[in-house]
Amino acid sequence: MRWAWAVALMLMAPWVTAAELRELRLWEGPEATRVVFDLDGDVKHALFTLSDPDRVVVDIEGLDQRALARLNAVTGKGVVARVRSAQRGDAMRVVFDVNQPVFATGFVLPPSADYGHRLVIDLASPQPTQPPAAGSAEQARGAPPRDETIVVAIDAGHGGEDPGARGPSGLLEKDAALRIARKLAKLINDTPNMRAVLTRDGDYYVGLRERVNIARKHQADLFVSIHCNAFTRRDMRGSAVYVLSERGATSEHARWLAQKENAADLVGGVHLQDKDHELAAVLIDLSQGATMEASFDVGSRILQSMAKINRLQKPDVQQAGFAVLKAPDIPSVLVETAFITNAEEERLLASGAFQASLAEQIFQGIKGYFHSYRPRQQTVEAEAEPQYVSRNALTSERLQAAEYPKGISR
Ligand SMILES: [Zn+2]
């Protein structure tokens, strides 16, 4: 029974299981500064804010004392001016001196992918700390009124502590995706009557559902998510375009890829308990069939356009259950620009010239789509029949199969 004693001792002795702080990371986003404690075990925490001066206090139980030196060496970022810490009874008190009043929320994330246990503290500003990534500056400059402007939401995949896939020589998907997204946004913003909204415009994570919400808030006419493909087989290469499928993916790789992309929320640190009431936001929408058809249309135009500068992984638009494509009323596509796990395509993805060509070809596909398939309100005004030129002509059965999910899978 000696083992039983050992187990009992371990349960009674918290110092045995004190979690070590591996790293404290700070990410600055437009609406919040995120603090992430990287830990090798579970901890308990209590969180509160104080004013005069403004500060956020986190008491952490079960944290190894060696964390003190590491915490006190961290430099501030975003709203955090300074980090201080001290042992206080059984807990370690960590104080974040903030340069404005903040709304603080904390949650823990279980281990996933490259990460172990994490304690995440989000410090949201009552007012954004910087102008939002969206084109509000452009609106202020007197852009055409909403009904004349086509709004394209451009979503750079991953970001912040979620690097996405990694190339053999170290290029990160989050960086390549953001560079291409910004180039695409510029092309759109330089076009009369078109406006781009970036779901993120910096190195921070935005939840998959929040990316869709940003697009909806700006009444986007199209949602384009930019990623780099990845696979364990380093010889896989080529560009691909995906639309949503709830009834199974078009290939084994598509299913693998969707699972990998959907795991971004676990890596990027979305508070999973929030998912439940998001279910209510996803309703079966009667326009879903038309939205899917439009998604296929713009998807095949982008694919054909990209074929001019890179080989295609598959000649047709692919389908899989990507969480980021789940806006029932906005045509949505996910562009896997090239394989970052392929050495040659990683080199291409790192080059500014290739990023610009990708942005240009994606833009050409988008322009072609809007040329023949105007946004809803304009279609109604002109009383014109939308033209369907998709190579993936949908049968009504297939449209039904693409019907909206009964709920979010996660
Ligand atoms: Zn990705």
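Where is the place of Ala81?

Analyst: Ala81 has its place in strand 6, which covers residues 80–88; helices (H or I, at least four residues) and strands (E, at least two) are DSSP runs numbered from the N terminus. The model is predicted, so that local features need pLDDT of at least 70 and side-chain atom pairs count only at pLDDT 80 or more, whereas totals for chains, interfaces and linings use all residues. Residues are numbered from 1 along each chain as its sequence is written, and side-chain values use heavy atoms, with hydrogens and water left out.

Once neighbours within four places in sequence are set aside, Ala81 is in contact with Gly76, Asp97 and Val98, contact being heavy atoms within 4.5 Å. Between Ala81 and Arg55 the C-alpha to C-alpha distance is 9.6 Å, although 26 residues separate the two in sequence.

Val56 of strand 4 is the bridge partner of Thr49, and Val57 of strand 4 is that of Phe48. Strands 3 and 4 form a hairpin with four residues between them, and in its turn Asp52 has a positive phi of about 55°. Five of the seven residues of strand 4 are buried, so this strand is largely enclosed by the rest of the structure; buried means under 20% relative accessible area, exposed over 50% and partly exposed in between, with a 1.4 Å probe and protein chains only.

Two further residues illustrate burial elsewhere in the chain. Met194 lies in strand 11 (residues 194–198) and is buried, with a relative accessible area of 6%. Its C-alpha atom is 5.3 Å from that of Thr149, a residue 45 places away along the chain. Ser245, in the loop between strand 13 (240–244) and helix 6, is likewise buried, at a relative accessible area of 8%. Leaving out residues up to four places away in sequence, Ser245 touches Gln319, Ala320 and Gly321.

His158 lies in the loop between strand 10 (150–156) and helix 4 (173–189), and Glu261 in helix 6, so the pair ties together parts that are 103 residues apart in sequence. Both His158 and Glu261 are buried.

A cavity is a set of points on a 1 Å grid over the protein atoms alone where a 1.4 Å probe fits but cannot get out, a pocket is an open set with protein on both sides within 12 Å along at least five of seven lines, and lining residues have an atom within 4 Å of a point. The second largest cavity has a volume of about 70 Å³, a volume being the space filled by probe spheres set on grid points that are joined across faces, edges and corners. Helix 5 (208–217) and helix 6 (252–262) each supply at least two residues of that lining. In helix 5, Leu208, Arg209, Arg211, Val212, Ile214 and Ala215 are buried, and the helix is followed by Gln219, whose phi is positive, near 50°.

Helix 6 also contributes to the second largest pocket, giving three residues, the largest share of its lining. That pocket holds about 410 Å³ of space, and of its 21 lining residues the closest to the centre are Asp114, Gly164, Ala165, Arg166 and Lys260.

How values were computed:
Pairing = 2+ DSSP bridges.
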